[in-house]
Amino acid sequence: MFKIGYRTVKTALGTTIAVMLAQFLQLDNYVSAGIITILCIKITKKKSLQSSWERFLACSIAILFSFVFFEGIMYHPIIIGAMLLVFIPTTVIVKASEGIVTSTVIIFHLYNSGGITWGVVANEFLLILIGIGIALIMNLYMPSMEHKLKNYQKEIEANFAAIFQEIEEYLLEDDRDWDGQEIIKTAELINEAKTMAFRDVENHFLRHENTYYHYFKMREKQFEIIERIIPLVTSIHTLVDQSRMVADFIHNLKMNIHPGNTAHKFLVELLDMKQTFQEMDLPKTREEFEVRAALLLFIKEMEEYLIIKSQFKGMDA
């Protein structure tokens, strides 16, 4: 079973309306209005608006160049090539390169007309305005991404909790078998979530930031720390009292992974635990020394993990 997305539906409906309207107005080459509509419907409102502006600008330049080259020199295929040598760099300079294909169609219309009159120019501008206008109207509707973004948030938090569960058990057991699938999956989820959150920003003309985007960026930075501490934890093969203390801390942290901001509370706990470590007896063996050194490095990384969260303003759970 194939799936028809909302963008496909909008494209099909918009193209139909554009062609019908251009045909109703008895415009020459009326199907071109549908082509312009197809090209202007994008995945976000901002991209659609940008694309529409570039195509309108490029088409306007194309009409001007066509008049100068065709009427000023002659109607000949060689002139089309000569004009494109000037026209294409011009569109790039004015940052309207996305409109090159559309404007080339307009150029061929004007070439085929055999004579550029005000009526011909008006016909082309109406095709452009209908195609662009219908596309913009179609793109006024964009489905809400709130539900999908919320699901990404929950999945990422669940994976964080699963990873911390493994870390906790590594600290309490001499031997632990874990395939690390949560690490791979979390990296994929964060990338997908950031992309979707950025797209949501581009669907709002007056919004320049997205709380979810900042949230996923924050989780991405935390995840980089998690990736660093995994090898550190797996290198610990001896149980010491400090291991159990750190495991208890990770257990509590695991139970409080949410979009709200409680990082300050855990930073205080971490500081108290570091102080307790300093007051404990010195290690008696080299192996114990290495384990405690690794745990201190682990705590330092977790401190950075919590600082990153504390800088995030938080959001509703």
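Residues are numbered from 1 along each chain as its sequence is written, and side-chain values use heavy atoms, with hydrogens and water left out. As the model is predicted, local features need pLDDT of at least 70 and side-chain atom pairs count only at pLDDT 80 or more, while totals for chains, interfaces and linings use all residues.

**Helix pairs**

Two packed helices are described by the angle between their axes and the distance between the axes. Helices here are DSSP runs (H or I, at least four residues; strands are E, at least two), numbered from the N terminus. The axes are lines fitted to C-alpha atoms over the stretch in contact, with angles from 0 to 180 degrees between N-to-C directions.

| Pair | Angle | Axis distance |
|---|---|---|
| H1 and H2 | about 150° | 7 Å |
| H5 and H6 | about 155° | 11 Å |
| H9 and H12 | roughly 175° | within 9 Å |

Let's begin with H1 (residues 6-24) and H2 (residues 31-40), which pack at an angle of about 150°. That angle makes H1 roughly antiparallel to H2 (the term covers angles over 145 degrees; under 35 is roughly parallel, 65 to 115 roughly perpendicular and the rest oblique). Their crossing is right-handed, meaning that the near helix is turned clockwise from the far one by less than a right angle, with anticlockwise being left-handed. In contact (heavy atoms within 4.5 Å) are Thr11, Gly14, Thr15, Ala18, Val19 and Ala22 of H1 with Val31, Ala33, Gly34, Thr37 and Ile38 of H2. This contact has six nonpolar, five polar and no charged residues; Ala, Val, Leu, Ile, Met, Phe, Trp, Tyr, Cys and Pro count as nonpolar, Asp, Glu, Lys and Arg as charged, and the others, Gly among them, as polar.

Next come H5 (residues 100-113) and H6 (residues 118-138), which are therefore roughly antiparallel to each other at about 155°. H5 passes H6 in a right-handed crossing. Ile106, His109, Leu110 and Ser113 of H5 make the contact with Val120, Glu124, Leu127 and Ile128 of H6, a set of five nonpolar, two polar and one charged.

The axes of H9 and H12 cross at roughly 175°, and this pair is therefore also roughly antiparallel. From H9, the residues that meet H12 include Arg219, Gln222 and Ile226, and on the H12 side Tyr305 and Lys309 are among the partners. By class, this contact has twelve nonpolar, one polar and six charged residues.

On a 1 Å grid over the protein atoms alone, a cavity is a set of points where a 1.4 Å probe fits but cannot get out, and a pocket is an open set with protein on both sides within 12 Å along at least five of seven lines; lining residues have an atom within 4 Å of a point. Grid points are joined across faces, edges and corners, and a volume is the space filled by probe spheres set on the points.

There is one cavity of 30 Å³ or more, and the largest cavity holds about 90 Å³. Its lining includes Arg219, Gln222, Phe266, Tyr305 and Lys309. Helix H9 (211-234), H11 and H12 each give two or more residues, and H12 gives the most, with three. The lining divides into six nonpolar, four polar and two charged residues.

The largest pocket has about 270 Å³ of space. Of its 15 lining residues, Phe277, Gln278, Arg292, Ala293 and Leu296 lie nearest the centre. Helix H11 (263-279) and helix H12 (286-310) each supply at least two residues, and the largest share, seven, comes from H12. This lining has eight nonpolar, two polar and five charged residues.
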